[in-house]
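Here is a short briefing to read alongside the model. Please keep the sequence and the 3D view open as you go through the topics.

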Amino acid sequence: MIAFVNGRVAAAGPDGAVVEVGGVGLAVQCTPATLAGLRVGDRAHVPTSLVVREDSLTLYGFADDDEKTVFELLQTASGVGPRLALAMLAVHQPNALRRAVATEDVNALTKVPGIGRKGAQRIVLELKDRLGVPLDDGGGTPAPSFAAAAWRAQVHAGLTNLGWTARDADTAVDAVAAEVDGQDTSDIAALLKLAMKKLSR
């Protein structure tokens with residue numbers, strides 16, 4: 001089990017990063033929010049979870065130990081594998097997931113691509129006593145990553161981490177904002193890809 005990686009961020013993309021540890025580059029799949037905190041060239045401490053399959057070894061990285069714990073607990077529900085668990089954390093922060101399960105908020109869970117109403121009901125039933133109670137944030141506000149303007153900061157950070165200038169990132173973020181005005185902006189990875197596409201034109 002690789003509990004964490006600690007080293008220089010050698011590369012970063014829309015879906016993951018490469019962290020150099022002892023001369024070896026480890027590919028780590030992360031949520032967009034986690035990637036936004038990784039800057040190429042800087043050292044990083046990334047909690048990880050190693051998923052072993054017959055034909056692959058996949059390392060998943062997280063912003064903190066709480067996100068990692070929730071990722072592993074989510075997979076104890078039937079039908080939830082590592083990719084779906086990561087997608088759930090890309091859409092909802094750990095505390096938001098706890099709140100959704102604790103309050104049986106099926107609609108919140110169905111915002112995750114790949115989860116239908118029946119699947120959400122099953123997840124609530126199986127995880128209600130496993131995820132724990134949500135931390136009190138003073139009123140049940142949504143995850144910060146879904147705040148109206150917060151996605152802009154995450155996409156901007158993702159672009160600069162990938163090598164674009166701050167000015168280019170500003171231009172791309174403004175272009176994306178104009179295109180997605182009034183739409184769901186919870187899928188940061190999709191927004192980052194859209195911004196990259198606009199910069200490559």
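Predicted model: local features only at pLDDT ≥ 70, side-chain atom pairs only at ≥ 80, totals over all residues.

Residues are numbered from 1 along each chain as its sequence is written, and side-chain values use heavy atoms, with hydrogens and water left out.

**Terms for the elements**

- Helices (H or I, at least four residues) and strands (E, at least two) are DSSP runs, numbered from the N terminus.
- Two strands count as paired if DSSP finds at least two bridges between them.
- Contact means heavy atoms within 4.5 Å.

- Strands of a sheet pair through backbone hydrogen bonds, either parallel or antiparallel.
- Strand 1 and strand 2 are antiparallel partners over 4 bridges, and they form a hairpin with 3 residues between them.
- Ala 12 stands opposite Ala 17 in strand 2, and Ala 17 also has Val 28 in strand 3 as a bridge partner.
- Strand 2 (residues 16–21) pairs with strand 3 (residues 24–30) in the antiparallel sense, over 6 bridges.
- Strand 1 (residues 4–12) and strand 4 (residues 43–53) are joined by 5 bridges, again in the antiparallel sense.
- Along that pairing, Val 5 faces Val 46 in strand 4, while Asn 6 has His 45 in strand 4 as its bridge partner.
- Strand 4 and strand 5 (residues 56–61) run antiparallel, joined by 6 bridges, and a hairpin of 2 residues connects them.
- Arg 53 has Ser 56 in strand 5 as its bridge partner.

**A closer look at Thr 58**

- Is Thr 58 buried or exposed? Thr 58, which lies in strand 5, is buried, because its relative accessible area is 17%.
- Buried means under 20% relative accessible area, exposed over 50%, and partly exposed in between (1.4 Å probe, protein chains only).
- Leaving out residues up to four places away in sequence, Thr 58 touches Gln 29, Ser 49, Leu 50 and Val 51.

**Helix 4 and its cover**

- Helix 4 (residues 94–102) is mostly covered, with 8 of its 9 residues buried.
- Those buried residues are Pro 94, Asn 95, Ala 96, Leu 97, Arg 98, Arg 99, Ala 100 and Val 101.
- What covers them includes helix 2 (65–74), helix 3 (82–91), helix 5 (106–109) and helix 6 (117–127).
- After helix 4 comes Glu 104, whose phi is positive, near 55°.

**The cavity**

- On a 1 Å grid over the protein atoms alone, a cavity is a set of points where a 1.4 Å probe fits but cannot get out, and a pocket is an open set with protein on both sides within 12 Å along at least five of seven lines; lining residues have an atom within 4 Å of a point.
- Grid points are joined across faces, edges and corners, and a volume is the space filled by probe spheres set on the points.
- How many cavities of 30 Å³ or more are found in the whole structure? The search finds 1, and the largest cavity holds about 80 Å³ of space.
- Its lining includes Ala 12, Gly 13, Pro 14, Gln 154 and Ile 188.
- Helix 1 (32–36), helix 7 (150–161) and helix 9 (188–200) each supply at least two lining residues to the largest cavity.
- The lining of the largest cavity has 8 nonpolar residues, 4 polar and no charged. Here Ala, Val, Leu, Ile, Met, Phe, Trp, Tyr, Cys and Pro count as nonpolar, Asp, Glu, Lys and Arg as charged, and the others, Gly among them, as polar.

**The largest pocket**

- The largest pocket has a volume of about 360 Å³.
- Of the 19 residues that line the largest pocket, Asp 15, Leu 86, Ala 87, Ala 90 and Ala 189 lie nearest its centre.
- Strand 3, helix 3 and helix 9 are the elements that give two or more residues to this lining, and helix 3 gives the most, with 5 residues.
- By class, the lining of the largest pocket has 12 nonpolar, 3 polar and 4 charged residues.
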